Amino acid sequence: MPCACEICKFAILQNAFSLQFVKNQSEELCKFAVSQNGLALKFVIHQTDEICKIAIEQNKKASLYINFSNEYYEPQKYHTIWELIDLY
């Protein structure tokens, strides 16, 4: 029988928005989801800079879902959102 992480990964492969139903989100699973559909960033509980970058590379509109108030975002590292997403 497959483990829960394999089932979650399969569900996300079918639809990246399935991430919203995963309670114990691993960083690897979140990276997988946003690489499938950047807009799944909306459902990432613990956003890291790396997860945000992957999401935005996949879909520029994912920048709308960056949670700047989360504990993993380091505002002192960036002057603008454009530095975070490497658009210039």
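This briefing describes selected side chains and their surroundings in the structure above. The model is predicted, so local features need pLDDT of at least 70 and side-chain atom pairs count only at pLDDT 80 or more, while totals for chains, interfaces and linings use all residues. Residues are numbered from 1 along each chain as its sequence is written, and side-chain values use heavy atoms, with hydrogens and water left out.

**Aromatic rings**
- The structure holds one aromatic pair (ring centres within 6.5 Å; planes under 30 degrees apart are stacked, over 60 edge-to-face and the rest tilted).
- The rings of Phe 17 and Phe 43 have centres 5.6 Å apart and planes at 65 degrees, so the pair is edge-to-face.
- Phe 17 lies in the loop between α1 and α2 (27-36) and Phe 43 in the loop between α2 and α3 (49-58), so the pair ties together parts 26 residues apart in sequence.
- Lys 9 lies over the face of Phe 32, at 4.9 Å from the ring centre (NZ of Lys or CZ of Arg within 6 Å of the centre and within 35 degrees of the ring normal).

**Gln 25**
- Gln 25 is found in the loop between α1 and α2 and is buried, with a relative accessible area of 14% (buried is under 20%, exposed over 50%, partly exposed in between, with a 1.4 Å probe and protein chains only).
- The side chain of Gln 25 reaches the backbone oxygen of Leu 19 at 3.3 Å, and a polar atom of this side chain lies 2.9 Å from the backbone nitrogen of Ile 45.

**Leu 13**
- Leu 13 belongs to helix α1 (residues 4-14) and is partly exposed, at 47% relative accessible area.
- The C-alpha atoms of Leu 13 and Ala 33 are separated by 7.5 Å, although the residues are 20 apart along the chain.

Note on methods: Helices (H or I, at least four residues) and strands (E, at least two) are DSSP runs, numbered from the N terminus. Rings of Phe, Tyr and Trp (its six-membered ring) pair if their centres lie within 6.5 Å; planes under 30 degrees apart count as stacked, over 60 as edge-to-face and the rest as tilted. A polar contact is a pair of N or O atoms within 3.5 Å; within protein, one must be able to donate a hydrogen and the other to accept it, and residues adjacent in sequence count only if both atoms are side-chain atoms.
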